[in-house]
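Here are my notes on this one, for whenever you have the model open.

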Amino acid sequence: MSKPISIPASSPISLRSSTLPLELRLPLPEDAPAILSVFTDPANVEHDPNAKSPSWTLEKVAARINTWFTDGLKENPDRVTLVAVIDGRVEGVGGIGHIAKTLREDGGETRVGDAGIMLNVGVRRRGLASEAMRLTFEYGFDVLHLEAMT
């Protein structure tokens, strides 16, 4: 089990939509039950083998929150996991999963990332996933200075 860290009451990363009731932010300890619900809902994980796990527990999610929070604060993180807060409730998980260095054709190095979002069924079909991806790509390019994202 990972060592607990001191996590502030608010997230230092906050990506807010100017058009929809959506905020993407680093997960906080109090988000653990909502994140567990996202990851244990078959409708959410049926097409994502990385999220589908029969062994998710509240304790495992709490330990992951520590890791995700710490990783998100690094200068050059290898991932940034964010929760999707919609109308004031955590309704999803997403971010930039795999950030890796790759070689460009000219021999130089660049960083690329894989973005994604998983939203609860009840908040789908409102444009929130598209907006979450837009905010995630903006963060990846403008803040993390990634050269490419998929």
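Predicted model: local features only at pLDDT ≥ 70, side-chain atom pairs only at ≥ 80, totals over all residues.

**Notes on the sheet**

1. The strands involved here, S2 and S3, are antiparallel and share four bridges.

2. On its other pairing, S3 (residues 80-86) is joined to S4 (residues 89-96) by seven bridges, again antiparallel. Two pairs to click on: Ala 84 faces Gly 92 in S4, and Ile 86 faces Arg 89 in S4.

3. The S3–S4 hairpin has two residues between its strands, and Asp 87 adopts a positive phi near 50 degrees there.

4. Zooming out, the sheet is an open one of five strands, ordered S1-S2-S3-S4-S7, with antiparallel pairing. At the edges are S1 (14-16) and S7 (115-119), each pairing on one side only. From one strand to the next, the twist averages 25 degrees.

5. How many of the residues of S3 are buried? Seven of the seven, so S3 is largely enclosed by the rest of the structure. Side chains in a regular strand alternate between the two faces of the sheet. In S3, Val 80, Leu 82, Ala 84 and Ile 86 point one way, while Thr 81, Val 83 and Val 85 point the other, and all are buried.

6. Last, what lies across the sheet strands? Helix H4 (residues 128-142) lies across S1, S2 (22-25), S3, S4 and S7, and runs at about 150 degrees to S7.

Definitions and conventions
Residues numbered from 1 in each chain as written. Heavy atoms only, no water. Pairing = 2+ DSSP bridges. Axes fitted to C-alpha atoms, helices over the stretch in contact; angles between N-to-C directions. Contact = heavy atoms within 4.5 Å. Buried < 20%, exposed > 50% of the residue type's maximum accessible area, 1.4 Å probe, protein only.
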